[in-house]
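Reader: I would like to go through the terms used for this model one by one. For each, please set the value against the cut-off and then conclude.

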Amino acid sequence: MTPLSREDLVLALLRAFSDGSLNTEGRIRHLLELGRSYFNVEYAIVSRIRQERYFVRYVSSSDPAAQNLDELPTRDTVCQFVLQSGSVEAFTHLSESQVGPTLTPSPFEFESYIGAPIYADQQLVGTICFEGLEPKTEQFDPRDADLVTMLADWIGEQIKCDRMHEDLDAILSASPIYVMHKDHDNRILQVNPSFASICAKPADTLVGQFLPDVLPASSVDVLSASDDWMWQTGHSIQGETMELVTAEGNMICLHGSRLPYFDPVSRDPRMMLVAVDISEQIRREEELRTLNEVLTRQKRAITDLYHRTPAMLHSINSKGKVLDVSEHWLSKLGYKREDVVGRSVLDFMTPASRQYAKTISLPGFWKRGYSNDIQYQFQTSWGDVVEIELSAVADRQFDDEESRSLAVLVDVTERNAAIRALEDANEDLKQFSSIASHDIQEPLRKIRSFAEVLSDAVSDQNEDEIHYALNVMSSSAERASQLVTDLLAFSRVSHRDLNITFQPLHQIIQTALDNLSMQIEEASAQITLDIAGLEVSADGSLAPQIFQNLLSNAIKYRSHDRPVEISISAEPSPAGLRITIRDNGEGFDPKHAAQIFEPFKRLTTASDRAGTGIGLAIVSKIAYRHGWVIEASSKPGEGSCFTITMPENTGNLPGTT
């Protein structure tokens with residue numbers, strides 16, 4: 001071997017470092033040969049040290065026997081002194097040195113030696129040494145020590161890189177990530193098992209093969225798209241989705257990035273693919289999308305059915321906000337969907353129902369999770385009141401903030417009206433039964449009793465008794481007839497259909513005045529009106545009877561020591577229009593204020609005043625059927641006052657609507 005000069009050695013080392021065709025082992029062996037030539041020795045060795053054992057990793061020698069070097073105890077090697085000092089050690093004539101005699105005899109009797117420790121990650125892992133069989137005539141130059149140290153450092157870095165590559169290869173081999181390196185010609189430089197599975201071949205057999213030889217053309221086109229642009233610009237393509245056909249003809253979907261780079265030594269263009277298999281994710285997303293479409297169609301169908309069902313339905317959340325309503329709900333109450341959804345359900349109730357729902361029924365419903373036949377009153381958009389019977393169930397599949405209900409509402413306005421009418425009829429029957437058993441029976445008993453008196457008087461030919469008995473029987477018959485007539489009148493105002501219209505109040509009162517003109521004239525009654533311009537919503541034939549009966553009552557029960565004075569006035573009140581009829585008659589005890597409106601209840605005896613006591617009962621019944629409230633107040637000797645209160649929707653003041 002011709003010895004190399006230092007300059008030639010340096011140039012040769014630079015070429016070896018930059019030779020892209022050599023792997024780590026090839027470079028190390030080449031460096032050992034260059035160093036052996038430079039130092040002009042027979043052996044160059046790189047060793048690894050583990051637990052006091054010396055393992056020959058690489059060896060360069062012209063002696064074939066040197067290839068048999070394998071494992072030795074560290075104490076049998078010259079490298080033990082390098083390991084002890086942790087730095088470069090050199091010997092020109094080992095047998096004559098101080099350490100020579102201490103060495104155990106070996107098959108190779110080295111005389112010259114220079115070696116350095118190899119560190120990887122600051123850990124002593126081995127040595128590099130150059131050994132000759134002949135003594136060296138000149139001392140090793142300090143630059144020789146620097147050279148050996150440089151080679152040791154380079155090998156240490158390669159070991160470190162190899163460790164990293166081994167770790168990375170282990171990770172990539174076990175990883176589901178798809179990794180592939182290729183060159184400009186689509187030659188595979190490196191793959192991991194995941195990518196190799198696409199090619200249906202072992203990973204180690206793919207290195208050096210061309211992509212078109214192992215994958216369908218469509219997949220090669222995808223993996224090579226925009227390669228030249230990326231190498232020219234240095235830009236990578238990240239987050240792309242690639243559909244590939246595998247060597248076995250299956251479709252696979254990868255999501256990842258393609259990263260361009262250049263070999264640090266040769267500067268040849270390279271491309272790295274890093275991706276994950278999202279085929280299962282795509283399949284699941286497609287299944288989920290299909291399921292969502294089905295659910296959306298089902299939800300749309302359910303919503304459409306909800307809206308079109310011929311029943312009043314609404315859904316609210318736990319805060320009382322309306323989430324949805326049926327078309328029948330909207331048409332029944334006269335609202336538009338956009339005016340209802342999102343508002344509180346309490347907004348559509350009457351004040352009394354609103355208070356009941358807020359304090360009692362809704363808290364109880366959310367606590368129990370259901371409600372049955374709850375009675376409410378809802379208000380239509382045009383102001384009418386609809387009586388509702390509501391049953392609901394709570395949906396517990398949502399969080400508390402999103403809990404909701406499904407309620408079915410039944411319009412029971414007509415049913416309740418029929419029930420109230422039946423109750424009124426039953427009450428009337430009770431009253432009629434009482435009247436039949438008492439009031440009408442009283443004159444009939446007199447007729448029977450005086451019929452016997454008449455019979456005895458006729459037998460005795462007692463003309464005075466005959467005339468007396470006939471008079472009593474006649475007056476009793478008239479009273480019975482009047483009771484039946486008044487009873488029929490009370491029944492008629494209780495059950496006849498109302499014809500409600502808006503009409504002037506003065507016209508209603510004038511009708512009553514015309515009907516009482518003779519009584520008013522006979523009593524010289526002074527009647528004053530303060531009702532100009534007022535209109536009320538009333539039945540035109542029944543409403544005058546209220547004022548006629550009240551005025552007739554005032555004249556009948558007038559005081560005999562002063563002229564009759566009656567006033568009728570009207571004024572607004574919080575409850576609506578308030579009409580007052582005030583007289584200066586004899587009045588009555590206020591404890592009887594409610595009793596006077598009961599049928600056939602009179603506060604005086606029949607001998608005091610004519611009548612059956614039905615007049616004020618008729619007034620009360622007509623007012624009740626109009627939705628008006630009538631009240632009476634009085635003091636004996638100070639006259640009486642009757643007030644009629646008409647709610648806002650039944651009476652208007654001038655200039656109001």
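Reader: Which residues are linked with Lys-182 in a network of salt bridges?

Author: The model is a predicted one. In it, Asp-227, Glu-240 and Arg-258 join Lys-182 in a network of salt bridges. The search of the whole structure finds 21 salt bridges.

Reader: What makes the contact between Arg-53 and Glu-71 a salt bridge?

Author: The closest N and O atoms of Arg-53 and Glu-71 are 2.9 Å apart. The cut-off is within 4 Å, for a side-chain nitrogen of Lys or Arg and a carboxyl oxygen of Asp or Glu. The pair therefore counts as a salt bridge. Distant parts of the chain are linked by this pair: Arg-53 belongs to strand β2 (residues 53-61) and Glu-71 to strand β3 (residues 71-73), 18 residues apart.

Reader: What makes Arg-562 and Asp-561 a salt bridge?

Author: The closest N and O atoms of Arg-562 and Asp-561 are 3.4 Å apart. That is within 4 Å, so this pair too is a salt bridge. Asp-561 is exposed because its relative accessible area of 63% is over 50%. Arg-562, at 30%, is partly exposed.

Reader: Which residues of helix α8 are buried, and how do you know that they lie on the same side?

Author: In α8 (residues 217-224), the buried residues are Ser-219, Val-220, Leu-223 and Ser-224. They cover an arc of only 125° around the axis, which puts them on the same side of α8. The exposed residues Ala-217 and Asp-221 are carried by the face of α8 turned away from its buried side. Just after α8, Ser-226 has a positive phi of about 65°.

Reader: How does the span of helix α20 compare with the expected one?

Author: Helix α20 (residues 615-626) has 12 residues and reaches 17 Å from its first C-alpha to its last, close to the expected 16 Å. Its buried residues include Leu-616, Ile-618, Val-619 and Lys-621. Gly-627 follows α20 with a positive phi, near 85°.

Reader: What makes Val-10, Leu-11 and Leu-14 a nonpolar patch?

Author: Nonpolar side chains are joined into a patch within 5 Å, if each residue has over 30% relative accessible area and no salt bridge. Val-10, which is found in helix α1 (residues 6-18), has 41%, so Val-10 passes the area limit and counts as partly exposed. Together the three residues have about 270 Å² of accessible area.

Reader: How many disulfides are there?

Author: The count is 0 disulfides, for a cut-off of cysteine sulfur atoms within 2.5 Å. Cys-253 at 9% is under 20% and therefore buried. Cys-641, at 8%, also counts as buried.

Reader: Why is Arg-270 called buried, and why is Gln-379 called partly exposed?

Author: Arg-270, in strand β11 (residues 269-277), has 14%, which is under 20%, so Arg-270 is buried. Gln-379, in strand β14 (residues 370-379), has 28%, between 20% and 50%, so Gln-379 is partly exposed.

Technical notes
Residues numbered from 1 in each chain as written. Predicted model: local features only at pLDDT ≥ 70, side-chain atom pairs only at ≥ 80, totals over all residues. Heavy atoms only, no water. Helix = DSSP H or I, 4+ residues; strand = E, 2+ residues; numbered from the N terminus. Buried < 20%, exposed > 50% of the residue type's maximum accessible area, 1.4 Å probe, protein only. Arc of directions from axis to C-beta. Patch = residues over 30% accessible without salt bridge, like charges linked within 9 Å, V, L, I, M, F, W, Y side chains within 5 Å. Areas by Shrake-Rupley, 256 points an atom, 1.4 Å probe, with all protein chains shown as cover. Expected span 1.5 Å × (residues − 1).
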